[in-house]
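Dear colleague,

I am passing on the structure we talked about, for you to look over. My notes follow below it.

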Amino acid sequence: MADQDEQRYGEHVVVRRHGDHVAELAMDRPKAMNAVSTDMARSLAAACDALAADRSVRAVVLSSTHDRAFCVGADLKERNSFTDADLMRQRPYTRAAYTGVLELPMPTIAAVHGFALGGGFELALSCDLIVADPTAVVGLPEVSVGVIPGGGGTQLLPRRVGAARAAELVFTARRVEAVEAAELGLVDQLAGAGEDRTEALELAARIARNSPVGLRAAKRAMRLGHGLDLRTGLDLEDGAWRSVAFSGDRAEGVAAFNEKRTPDWPGE
């Protein structure tokens, strides 16, 4: 799938478009295995803001340009020079980067190979789906360096694999290789060697054939409904249904079904 165009955000983040409706958010700091510096965090947040506002984007793939790593987490070399005040000044930028990925309104897929550790794995966990190749190694090792997962890991991992499994992984700080990661539900799909990005883009393209209004509403309902009691969740779902039931996409979808043709989604 050829890249149609790209836009760079700072030095270390690039957004590429694949066709009309799929965007790739690529981390591009190869000399540091995509360690998240302050500048890179700012760039990720800015790129996510732009993607969130782009109504033509129906699916996003979060990827890496480094051949041996997705992202190794926080830039500890940068942090080693920080004062306590520096660390506190950095926090809003790093939090905005992780939250930016998490709050993208369209479906998101992480394409993981090599190391996805600490904040790197948290970026993947912030996506709806994770595709990994056999070289993937994931984990949240923060307690081994005296901190905790602070990019969403303590909240996202239990939601993905359950409280006890998440506790074991966080408390031991262990790294998990691809096959076990798939067995535990830490990743969702195992790709062929070197095929994580290709398979993630193919999955994104399949998703992007569907109604953008429907996709965003379904994601919103699933995200906001998680953890609610069933009755409250169903009420939330009803609100999401009402938000799409009278949309142009709903009218087009029904018409296309009856006319046995591919929908031409208006996206509203």
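**Backbone and side-chain notes**

Lys260 is found in the segment after helix H11 (248-259); helices here are DSSP runs of H or I of at least four residues and strands are runs of E of at least two, numbered from the N terminus. This is a predicted model, in which local features need pLDDT of at least 70 and side-chain atom pairs count only at pLDDT 80 or more, while totals for chains, interfaces and linings use all residues. Residues are numbered from 1 along each chain as its sequence is written, and side-chain values use heavy atoms, with hydrogens and water left out.

Most residues other than glycine have a negative phi. Lys260 has a positive phi, near 55 degrees, and is not a glycine. Lys260 counts as exposed because its relative accessibility is 76% (exposed is over 50% relative accessible area, buried under 20%, partly exposed in between, with a 1.4 Å probe and protein chains only). Asn34, also not a glycine, has a positive phi of about 60 degrees. Asn34 sits in the loop between strand S3 (22-27) and helix H1 (38-52), and counts as buried because its relative accessibility is 0%.

Thr38 belongs to helix H1 and is buried, at 11% relative accessible area. Leaving aside residues up to four places away in sequence, Thr38 touches Glu78, Phe82, Gln90 and Tyr93 (contact means heavy atoms within 4.5 Å). The side chains of Thr38 and Gln90 are joined by a polar contact of 3.0 Å, that is, a pair of N or O atoms within 3.5 Å; within protein, one must be able to donate a hydrogen and the other to accept it, and residues adjacent in sequence count only if both atoms are side-chain atoms. Arg42 lies over the face of Tyr93, 4.3 Å from the ring centre (NZ of Lys or CZ of Arg within 6 Å of the ring centre and within 35 degrees of the ring normal).

The largest nonpolar core has 48 residues, and those touching the most other members are Leu25, Phe70, Val112, Phe121, Leu123, Leu157 and Leu186. H1 gives the most to this core, with six residues. Apart from this core lies another, of 14 residues, including Val61 and Leu215. A nonpolar core is a set of buried Ala, Val, Leu, Ile, Met, Phe, Trp, Tyr and Cys residues joined through side-chain atoms within 4.5 Å.

Regards
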